[in-house]
Amino acid sequence: MYQKEIEAMIKAAREAEKIIMEIYATDFAVEIKSDDSPVTAADKGADAIIREVLGKAFPTYGFLTEESRDTKKRLSKRDVFIVDPVDGTKEFVNRNGEFCTNIALAHDHEIVAGVINVPAKNTLYYASKGEGAYRIDPDGSIHKIHVSDRKENLRCVMSRSFLLPEEVALLNKHNDKITKSWSAGAAVKYCTIAQGDAEISFRMSQGTKEWDTAAGDILLQEAGGMMVKMDGTRYTYNREDVYNRDPYELLNSMDNFLK
């Protein structure tokens, strides 16, 4: 149903990757924004390219992006692209490869398509409503992906740069069910669970925003998993308040929901 949008989103992510990796290979400068988060020329350049590609293809759609001013005009749009040009700028600055580009499409406040590109691994993930989730490997081969069916000996992937004491406490509380854990940056966590390499992740902060989670939300859902708040409900998107104020879990199954 959203094939044209997915194709344009993949094209935008690939074009952004060129700029991101060019800058990644240089001695780039790092600025600090008003919210104390880092930003580089890669964030800004990728944002411009993504807006250009998608704006030309879908001129009536709105935009919500991390690196562009939010005018709230998007709130009157039924279709809105939600973009994080470089998700995991701290990982980009630390040069550990765990950063990605997130592009999602919201229709009537529901995410219906999403792309997560991992430039340092030349691997791209995409999904659209009712069509499943897929991974494009460096050789160009396409693979349908699915969450694992584990209900015990769970594997948990945690935030690399923003891990909170409350999250460590929840992990330790359920160490009878979670037998392995490690850290990963940005939306790489969604990809890890969506392709069956882990079963659970959780965020207890109020610091993430729509562009951090939108693409991963649809990817996980179409792979058979889910992103849910701690009360079991799901997030809507293209909200006036872009912060994800409620803690949430990423799961392969609600049977593994933890409190």
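This is a predicted model: local features need pLDDT of at least 70, side-chain atom pairs count only at pLDDT 80 or more; totals for chains, interfaces and linings use all residues.
Ten aromatic pairs occur in the structure. In one of them, Tyr24 and Phe92 have ring centres 5.0 Å apart and planes at 45 degrees, a tilted arrangement. The two residues are 68 positions apart in the chain, Tyr24 belonging to helix H1 (residues 3-24) and Phe92 to helix H3 (residues 89-94), and the pair thus links distant parts of the chain. Tyr24 and Phe92 are both buried. Because Phe28 lies in the loop between H1 and strand E1 (31-32) while Phe92 lies in helix H3, the contact ties together parts that are 64 residues apart in sequence. The relative accessibility of Phe28 is 13%, and Phe28 therefore counts as buried, the cut-off being under 20%. For Phe92 the value is 0%, so Phe92 also counts as buried. Through ring pairs, Tyr24, Phe28, Phe92 and Phe99 are joined into a cluster.

Charged groups also sit over aromatic rings. Arg95 lies over the face of Tyr24, a member of the cluster, at 5.7 Å from the ring centre. At another site, the charged end of Lys229 is placed over the ring of Tyr235, at 4.6 Å from the centre of that ring.

Helix H1, which ends at Tyr24, comprises 22 residues. The distance from its first C-alpha to its last is 31 Å, close to the 32 Å expected at 1.5 Å a residue. Buried residues in H1 are Glu5, Ile6, Ala8, Met9, Ile10, Ala12, Ala13, Ala16, Glu17, Ile20, Ile23 and Tyr24. In an α-helix there are 3.6 residues a turn, so residues three or four places apart point the same way.

H6 is mostly covered, with twelve of its 13 residues buried. The buried set consists of Glu210, Trp211, Asp212, Thr213, Ala214, Ala215, Gly216, Asp217, Ile218, Leu219, Leu220 and Glu222. Just after H6, the backbone at Gly224 adopts a positive phi of about 100 degrees.

Most residues other than glycine have a negative phi. His109 has a phi near 75 degrees, a positive value in a residue other than glycine. His109 is located in the loop between strand E5 (100-107) and strand E6 (110-118). With a relative accessibility of 40%, His109 counts as partly exposed. Asn238 has a positive phi near 60 degrees and is likewise a residue other than glycine. Its position is in the loop between strand E13 (226-229) and strand E14 (248-251). Asn238 has a relative accessible area of 2% and is therefore buried.

The largest pocket has a volume of about 670 Å³. Its lining contains 36 residues, and Asp87, Phe162, Gly207, Thr208 and Asp212 lie nearest the centre. Two or more lining residues come from each of strand E4 (79-87), H3, helix H5 (188-194), strand E12 (200-203), H6 and E14. Classified by type, the lining comprises eleven nonpolar, ten polar and 15 charged residues. Asp212, named among the residues nearest the pocket centre, is one of the buried residues of H6.

Two further buried positions were examined by C-alpha distances. Arg74 is found in the loop between strand E3 (62-65) and E4. Arg74 has a relative accessible area of 3% and is therefore buried. Its C-alpha atom is separated by 7.2 Å from that of Leu64, ten residues away along the chain. Thr101 is part of strand E5 and is buried, with a relative accessible area of 0%. Thr101 and Ile178 are 77 residues apart in sequence, and their C-alpha atoms are 29 Å apart in space.

Methods: Residues are numbered from 1 along each chain as its sequence is written. Side-chain values use heavy atoms; hydrogens and water are left out. Rings of Phe, Tyr and Trp (its six-membered ring) pair if their centres lie within 6.5 Å; planes under 30 degrees apart count as stacked, over 60 as edge-to-face and the rest as tilted. Helices (H or I, at least four residues) and strands (E, at least two) are DSSP runs, numbered from the N terminus. Buried means under 20% relative accessible area, exposed over 50%, partly exposed in between (1.4 Å probe, protein chains only). A charge sits over a ring if NZ of Lys or CZ of Arg is within 6 Å of the ring centre and within 35 degrees of the ring normal. On a 1 Å grid over the protein atoms alone, a cavity is a set of points where a 1.4 Å probe fits but cannot get out, and a pocket is an open set with protein on both sides within 12 Å along at least five of seven lines; lining residues have an atom within 4 Å of a point. Grid points are joined across faces, edges and corners, and a volume is the space filled by probe spheres set on the points. Ala, Val, Leu, Ile, Met, Phe, Trp, Tyr, Cys and Pro count as nonpolar, Asp, Glu, Lys and Arg as charged, and the others, Gly among them, as polar. The expected span of a helix is 1.5 Å times one less than its number of residues.
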